[in-house]
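Please look over the sequence and the structure below. The paragraphs that follow go through a few parts of the fold in turn.

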Amino acid sequence: MNVCVQGLWHLGSVTAGCLASVGHTVVGFDLDEDVIRGLRAGKPPIFEPGLEDMIRTSLDSGHLRFTASLEELPSDIELLWVAYDTPVDEDDVADVNFVVAQVAAVLPYLPTNSVVLVSSQMPVGSIRRMEAIADKLCPGKALSFAYSPENLRLGKALDVFLKPDRVVVGVRSERDKERIGRLLQPITGRIEWMSVESAEMTKHAINAFLATSVVFANEIASICEMVGADAKEVERGLKSENRIGPKAYLSPGGAFAGGTLARDIEFLKVVSQRHQISIPLLESVKTSNDGHKSWVRRKLKALMPSLDGVVVVVWGLTYKPGTDTLRRSLAVELCNWLLEQGARVRVHDPVVKELPTNWNGCVQRFDEALGALEGAQVLLVGAEWPEYREIPKDYVVRVSPGLVVLDPNRFLSSLGTVAALRYVAVGAPSIERLA
């Protein structure tokens with residue numbers, strides 16, 4: 001099938017690479033010439049395990065090419081897959097107009113009867129808005145629109161795209177259902193067909209549910225810390241309840257970050273305000289999550305009244321393991337705060353080689369995780385890269401006896417059994433101040 005993927009950051013480069021890998025003929029389009037230049041050389045704009053090899057292989061096979069020119073779009077496109085990562089500002093407000101404007105620029109170049117399948121993160125009603133724009137810009141082309149919520153997971157994006165649990169698709173016609181079914185046939189036959197608006201709302205509902213689960217678990221964990229309960233044991237009790245289940249999103253840990261979950265909460269908030277509907281539960285999610293972001297700060301302040309001159313090591317700077325993006329990273333935010341407190345900050349991350357410019361050389365980067373720990377007083381576990389689990393705990397004790405380990409998600413829980421260390425995690429019984 002002849003496909004154009006528009007928008008080639010993380011979501012788009014994964015979509016283009018995966019579609020080409022299963023035999024479709026794909027042209028990737030983005031107006032950013034730097035991104036196109038990199039992709040033509042086999043370099044994705046963001047690190048994702050396996051993506052670079054996949055793109056290089058597809059380029060070599062002739063199933064994939066890239067262009068920044070509207071005039072170079074092929075005339076036999078059957079489907080345009082819109083895959084922009086919708087930009088989000090610091091308040092989790094999405095720049096939807098950016099995506100709409102980019103799509104509007106391409107519509108006149110599509111062949112008659114093309115399908116436009118949107119996976120960018122957009123508020124419910126966006127497809128109807130694009131349909132109205134298409135009717136105005138190119139009424140004779142009979143373009144049709146569909147929506148499939150993206151299921152991008154950093155570090156696992158290829159596997160999730162090519163081996164999905166199921167794919168949700170909203171369509172308006174049997175013709176589009178047949179075309180999109182044919183497009184996805186090499187990947188999965190498990191497609192949940194529904195209306196376009198239901199598919200748009202499904203994305204919001206999934207992320208709102210996950211966000212609510214996270215803040216619920218963390219609020220329960222905060223109470224556990226004060227009453228001598230262990231939130232991990234409570235989690236086990238919850239997940240063994242038949243009405244909840246073992247896969248529920250109920251692990252106590254860090255606040256959610258990155259803007260993805262918060263963006264859908266914000267979409268629902270705007271829609272409810274427009275229709276004058278009260279949603280107090282959903283409106284409280286962001287407030288609770290923002291409060292939990294200060295968990296590390298609260299614990300450090302409880303342990304050490306002053307951080308001036310304290311050597312703090314942060315393992316893992318990225319937003320999540322398996323990616324190289326620092327965008328909306330909680331670890332980076334914590335480093336900023338630590339610098340304000342006068343702490344001496346050291347960092348290690350397996351993929352991050354350049355630190356944020358605003359740190360002005362005040363943060364020391366180490367190539368070796370263990371080397372960063374020598375003589376340190378505090379270790380913060382940021383992004384949970386698997387290699388940190390391979391570091392023997394007796395080595396940690398040897399280079400930094402008495403170390404305080406702040407590990408919100410209990411990723412390095414084996415350190416909690418070492419008497420020579422002070423291990424602190426979300427939902428663990430409360431701590432007292434160090435002498």
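Are Trp-315 and Tyr-388 buried or exposed? Both are buried, where buried means under 20% relative accessible area, exposed means over 50%, and partly exposed lies in between, with a 1.4 Å probe and protein chains only. The model is predicted, so local features need pLDDT of at least 70 and side-chain atom pairs count only at pLDDT 80 or more, while totals for chains, interfaces and linings use all residues. Residues are numbered from 1 along each chain as its sequence is written, and side-chain values use heavy atoms, with hydrogens and water left out.

Aromatic pairs come next. Rings of Phe, Tyr and Trp (its six-membered ring) pair if their centres lie within 6.5 Å; planes under 30 degrees apart count as stacked, over 60 as edge-to-face and the rest as tilted. The count by this rule is three aromatic pairs. One of them joins Tyr-84 and Phe-98 edge-to-face, at 5.5 Å centre to centre and 80° between the planes. Tyr-84 sits in the loop between strand 4 and helix 4, and Phe-98 in helix 4, 14 residues apart. Helices (H or I, at least four residues) and strands (E, at least two) are DSSP runs, numbered from the N terminus. Tyr-84 counts as buried because its relative accessibility is 5%, whereas Phe-98, at 31%, counts as partly exposed. Trp-315 and Tyr-388 form a stacked pair, 4.9 Å centre to centre with 15° between the planes.

Helix 4 covers residues 96-106, and its buried residues include Val-96, Val-99, Val-100 and Val-103. An α-helix has 3.6 residues a turn, so residues three or four places apart point the same way. The buried residues of helix 4 pack against strand 1, strand 2, strand 4, helix 5 and helix 10.

Which cysteines are joined? A disulfide is a covalent bond between the sulfur atoms of two cysteines, counted here when the two sulfur atoms are within 2.5 Å. The count comes to zero disulfides. The sulfur of Cys-4 is 14 Å from the closest cysteine sulfur, in Cys-138, and therefore too far for a bond. For Cys-18 the closest cysteine sulfur is in Cys-4, 16 Å away, which is also too far for a bond. Cys-4 is buried, with a relative accessible area of 0%, and Cys-18 is buried with 0% as well.

Definitions and conventions. Contact = heavy atoms within 4.5 Å.
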